[in-house]
Amino acid sequence: MSNAIAYKDFVDYRAKLNLAADDIAKDRKSAAANRIRAVKKHLDELEATRKDLACESLGRLNHLQKMVRELEAAK
């Protein structure tokens, strides 16, 4: 049986990462780091169960991980 990242959770994580991007643009690096860390914690838990995730959830996880990498590079 495969697990899934609920669409609502995906949208919530993406919104937090978009807020982090706004924080970086406004030079509020501490706020951005806190938002990224909060999302990254959940993504790390999901990464541990990657082999059990459904295909659609893998795409969501990959997208969120890419956003995190881009934001961390921009800090």
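Axes here are lines fitted to C-alpha atoms, for helices over the stretch in contact, and angles run from 0 to 180 degrees between N-to-C directions. Helices are DSSP runs (H or I, at least four residues), numbered from the N terminus.

Ground rules next. This is a predicted model, where local features need pLDDT of at least 70, side-chain atom pairs count only at pLDDT 80 or more, and totals for chains, interfaces and linings use all residues. Residues are numbered from 1 along each chain as its sequence is written, and side-chain values use heavy atoms, with hydrogens and water left out.

Let's start with α1 and α3. Their axes come within 10 Å and cross at roughly 10°. The two helices are therefore roughly parallel to each other; the cut-off for that is an angle under 35 degrees, while over 145 is roughly antiparallel, 65 to 115 roughly perpendicular and the rest oblique.

Who touches whom? Contact means heavy atoms within 4.5 Å. From α1 come Tyr7, Phe10, Tyr13, Arg14, Leu17, Asn18, Ala20, Ala21 and Ile24. They meet Arg60, His63, Leu64, Met67, Val68, Leu71 and Ala74 of α3. By class, that contact has 12 nonpolar, two polar and two charged residues. For the classes, Ala, Val, Leu, Ile, Met, Phe, Trp, Tyr, Cys and Pro count as nonpolar, Asp, Glu, Lys and Arg as charged, and the others, Gly among them, as polar.

Now α1 against α2. Helix α1 covers residues 7-25 and helix α2 residues 29-48. They pack at about 155°, axes 8 Å apart. That makes α1 roughly antiparallel to α2. On the α1 side, the contact uses Tyr13, Lys16, Leu17, Leu19, Ala20, Asp23 and Ile24. On the α2 side, look at Ala31, Ala32, Arg35, Ile36, Val39 and His42.

A quick check on α2 itself. At 1.5 Å a residue, its 20 residues should span 28 Å, and the end C-alpha atoms are 28 Å apart, which agrees. The expected span is 1.5 Å times one less than the number of residues.

Which residues of α2 are buried? Ala32, Ala33, Ile36, Val39, Leu43 and Leu46. Buried means under 20% relative accessible area, exposed over 50%, and partly exposed in between, with a 1.4 Å probe and protein chains only. The cover over those α2 residues includes α1 and α3, the latter being residues 55-74.

Take Asp23, in helix α1. At 2% relative accessibility, Asp23 counts as buried. Leaving out residues up to four places away in sequence, Asp23 touches Arg28, Ala31, Ala32 and Arg35.

Then Ile24, also found in helix α1. Its relative accessibility is 13%, so Ile24 counts as buried. With the sequence exclusion of up to four places, Ile24 touches Ala32, Leu71, Ala74 and Lys75. Ile24 and Tyr7 are 17 residues apart in sequence and 26 Å apart in space, C-alpha to C-alpha.

Finally, the loops. Asp27 sits in the loop between α1 and α2. Asp27 is not a glycine, although it has a positive phi of about 60°. Is Asp27 buried or exposed? Exposed, with a relative accessible area of 56%.

Leu53 is in the loop between α2 and α3. Leu53 is buried, at 7% relative accessible area. Leu53 and Asp9 are 44 residues apart along the chain, and their C-alpha atoms are separated by 14 Å.
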